Amino acid sequence: MKSTVIPFVFSLALISTLPAQAAIYEKVSDLPKNAKYDFIIVGGGTGGNVVANRLTENPKFQVLVLEAGPSHVDVFESKVPWLAASLFKTKYDWNYTTVPQVGLGGRSVDIPRGHILGGSSSISTRPNNHPGLEAHTLPNTDFMIYTRSASEDYDRWGRITGDQGWSWSSLEGYFKKSERHTPPADNHNTQGQEDPSVHGRNGLLATSLSGFPVAIDQKIVTASKQLGGDFKFNLDINSGNTLGVGWLQTIVDGRTGTRGSSANGYLAPQFLKRPNLHVLVNAEVSRLLQTNGKVPAFRGVEFRQKVGGPLTRLSATKEIILSAGSIGSPHILLNSGIGPTKDLQAVGVKPLVNLPGVGGNLTDHSVMAHPFIVNSNDTFEKIRDPANIPGELQLWKDTHGGPFVDTIASMLGFFRVPKNVSLQPDLAAGPNTPHFEHLFANGLIVPNAFVPQNASFFSMSTVVTSPVSRGTLKIKSSNPFDAPLIDPALLKEESDRVVMREAIKHTLAFTKAPIWDGYIVAPSGGLENATTDAKLDAYITAASSTFFHPVGTLAMSAKGAKNGVVDPDLKVKGIAGLRVVDASIFPFIPTGHTSSAVYAVAERAADIIKADYGSPHY
């Protein structure tokens, strides 16, 4: 169902009311005259805003953030968790689409990315309402789901980079540093739903448990107990041990019922008042510029502020920090002549630095959503009824409570395939790392043309969390403003398809728990017809999509390694004055939702940068 957008004057200061030094600028001409910047951060998204905040804790560092999209400040839909879905396919989205996917039967799918201050941490996405099975495509860039992933994911990072600072024992502290865990919006008793010792309380990223519990929550807990085994209950998925069924934690401030993001956390008004922090929005970067030095140095940046507008050039005295995301960052490097020489020459871009890894290793989570007809009218279908939306929105305005404080699920789980199933290869980081994930939703996750009208639903998603498939990002022309060619290679490798099959079988097994007797009526939406292996494979091909977690396109590797793009200090190999801080540097995809990992990586990156310039940590 199309989200309803209802105008509302939100009680945050708008750009025009900010003090002169509260530095969100709309035009480059409004920047302070003769300003000089130590660091220019390209991308005011999840990672870039963290680094901007932490570097400007030192008043001697002058920092400029360039964000291609507009400000988030007066975008009401980015504040209300439930309504944020309306930002997909708008000016707040880059509106990317993949190339045809072999593993999806030649279909192309949308890759929503945030085109707004806060980046993809500020937007969610509306479901694709296609007439066929592709309507299973999930409706959110990150679902506001806060999952740190398995500890073994990061221990592998530490091993392959030769830097134990990227291992779980180090990054766990940065997860806590970034987090401000809050009570849920309804202030319910959370005992038995989380481990308080796991969480941070003083960070800038608000997290919480569900603030509007739904009818199926206790049924899921009961099913977990009835089935046992790998359906066992996990007190806190964010402890580093992710296997089992547990309560979902979201990037929502439970005190206000508002969505958390890097923009409203790390660029909150008190930080924008810093005289050494400037943020320029509507600044789309075309390329980085080589400056000087025996080692190639790229401390210049070129950008435009409107389509067809003039190009502006600025330079940093210390570094350009590229934080444009796993799609934007490699796109900018390739347009700058940094990448595989043959690929650049093929599209007419002059090669300046031959770095073959740029744009390779693109990795994403494949996902499906499976609806079940239920004997109930207390589901999301009731919440989504247009007759109920005005009252629910008014409830949120009045109390910052009700269903609009939540995402699509209250619970989730992570699992491994059975021991008798052989994966060739198996890229899980270790024996306690999941192969797949389930989200449990109290209704349809996405519109589906193959479900009965006026029915109510329970849904489970299946997500391949340790994928083998690897794709690429390439440029298609010498025009830096042309969209890139994005190939995440979803379900291209047979090992990933085996995992998806097992995950669907696992879904069906979960719905056989006694607690569902008389509640779940039947599978629907195409799943009911997947009765043979051949039909199951056809269902997977027709209904799978991306979970919108692209990573790895500028992968980190050991210092001196010939593979990879950045060293463990996140400096681009063979280049001076250029560092990358976003999900593109992930050498392997974490097995959870990726946004929390970006926050932790950016927190550590800021400390690394400070140390390089003799600045204390705060």
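**The whole chain**

With 618 residues, a compact globule would have a radius of gyration near 25 Å, and the chain agrees with that at 23 Å (taken over C-alpha atoms; the globule rule is 2.2 Å times the number of residues to the power 0.38). This is a predicted model: local features need pLDDT of at least 70 and side-chain atom pairs count only at pLDDT 80 or more, while totals for chains, interfaces and linings use all residues. Residues are numbered from 1 along each chain as its sequence is written, and side-chain values use heavy atoms, leaving out hydrogens and water.

Switch to cartoon view: the chain has 13 helices and 26 strands (DSSP runs numbered from the N terminus, H or I of at least four residues for helices, E of at least two for strands).

**Into the core**

Now select Val63, Leu66, Val279, Leu288, Ile338, Leu578 and Phe586, the residues with the most contacts inside the largest nonpolar core, which has 92 residues. Such a core is a set of buried Ala, Val, Leu, Ile, Met, Phe, Trp, Tyr and Cys residues joined through side-chain atoms within 4.5 Å; buried means under 20% relative accessible area (1.4 Å probe, protein chains only). Helix α13 (residues 595–612) gives this core its largest share, 9 residues.

**Over to a strand**

Next, pick strand β19 (residues 409–415): 7 of its 7 residues are buried. Strand β8 (residues 244–247) pairs with β19 in the antiparallel sense over 4 bridges (pairing takes at least two DSSP bridges). Look for Trp247, whose bridge partner in β19 is Met411. Strand β20 (residues 436–441) also runs antiparallel to β19, joined by 6 bridges; there, His438 is the bridge partner of Gly413.

Conventions. Buried < 20%, exposed > 50% of the residue type's maximum accessible area, 1.4 Å probe, protein only.
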